[in-house]
Amino acid sequence: MKRIGVLTSGGDSPGMNAAIRAVVRKAIYHDLEVYGIKNGYQGLMDGNIERMTLGSVGDIIHRGGTILFSARSEEFKTDEGQFRAIEQLKKHDIDGLVVIGGDGSFQGAKKLTEKGFPCIGVPGTIDNDIAGTDYTIGFDTSLNTIIDAVDKVRDTATSHERTYIIEVMGRDAGDLALWAGLAVGAESILIPEEKEEFSSIVQRLKNGHDRGKKHSIILLAEGVGSGFEFGKRIEEIAQLETRVTVLGHIQRGGSPTGQDRVLASRLGARAVELLIEDQGGRMVGIQKNVLVDYTFDEVFNVEHTIDKGMYKLSKELSI
Ligand code: ATP
């Protein structure tokens, strides 16, 4: 292995820059050359490829987003697109590729590896929805952004008797809603993985109201449905005044937390080691604070699940 490439793909997440930095510096430390590919797989197919130096990743460890930009590409899902990408990699004499992204991006990395081009996946997504790793890069920052926003809503909430519904990201995974809900002491946490009867949510709100609670906070993952629709139902059925906040893209932004910077640095560096060891087709992760790696199939064959104990605890603490 003499020359490696690195790209970011799918939705961006805070800490991706720290991961790029680690890939570049670790590779140069081991006397490899590194090429940055801009705009994810689209940029790869288009040959948007540039040499990276120690200096090109200076002063980025604390920045949100990704200096390599990210993109989604339908064309790359086709065999022709993947061959076009490999052609570009060969043209630049690149022997291995680090893909920082979510599970969709890893599907692409798996396809390239199957076509003979070794790729390593680094889990970068705020959703924390990838099996084989306890945490993904960006989750901790996003969690803290949500907590900060809900704390601010709570400050104004104490002045009014209302139910506040906060809609957070998570189409299929409820980790952000669950962790944030537990961290802010939400009355209810609605996530795709757990169904709760509407009547029991209403009952819990009413119990709080009856014992003189000034306000209630509900965390809702977007995969469960619209916060506005849910708020309307609460108003109609429970006769409680509601306010809905959809946090949206602020959850993807901001300077990465210490946790995310350290995680990104460790995972990025480990990805380079795997390429040097000639082990393509794997994803790096962290479990119980130990670095691990699995084949892409091992990752895809296990369903990501939420921590059921935490969900149960959130109920016990919001009686
Ligand atoms: P996030 O879920 O955080 O947004 P992601 O990596 O899952 O991140 P996707 O949009 O699913 O985001 O995937 C990113 C890109 O990976 C796609 O635009 C596509 O180019 C490529 N990709 C996704 N699925 C496949 C697949 N089955 N085969 C080949 N490439 C794929």
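User: In E11, which residue is the bridge partner of Gly285?

Analyst: This is a predicted model, in which local features need pLDDT of at least 70, side-chain atom pairs count only at pLDDT 80 or more, and totals for chains, interfaces and linings use all residues. Residues are numbered from 1 along each chain as its sequence is written. Strands (E, at least two residues) and helices (H or I, at least four) are DSSP runs numbered from the N terminus, and two strands pair if DSSP finds at least two bridges between them. E10 and E11 run antiparallel and are joined by six bridges; in E11, the partner of Gly285 is Val292.

User: Which strands are the edge strands of the open sheet?

Analyst: Seven strands form this sheet, with mixed pairing, in the order E3-E2-E1-E4-E5-E10-E11. The strands that pair on one side only are E3 (49–52) and E11 (290–295).

User: In E10, which residue is the bridge partner of Gly121?

Analyst: Strand E5 (residues 119–123) pairs with strand E10 (residues 282–287) in the parallel sense, over two bridges. In E10, the partner of Gly121 is Met283.

User: Is Gly102 buried or exposed?

Analyst: Gly102 lies in the loop between E4 and helix H4 (103–114). A residue counts as buried if 20 or more other C-beta atoms, placed from the backbone, lie within 10 Å of its own, as exposed if 12 or fewer do, and as partly exposed in between. Because Gly102 has 22 other C-beta atoms within 10 Å, this residue is buried.
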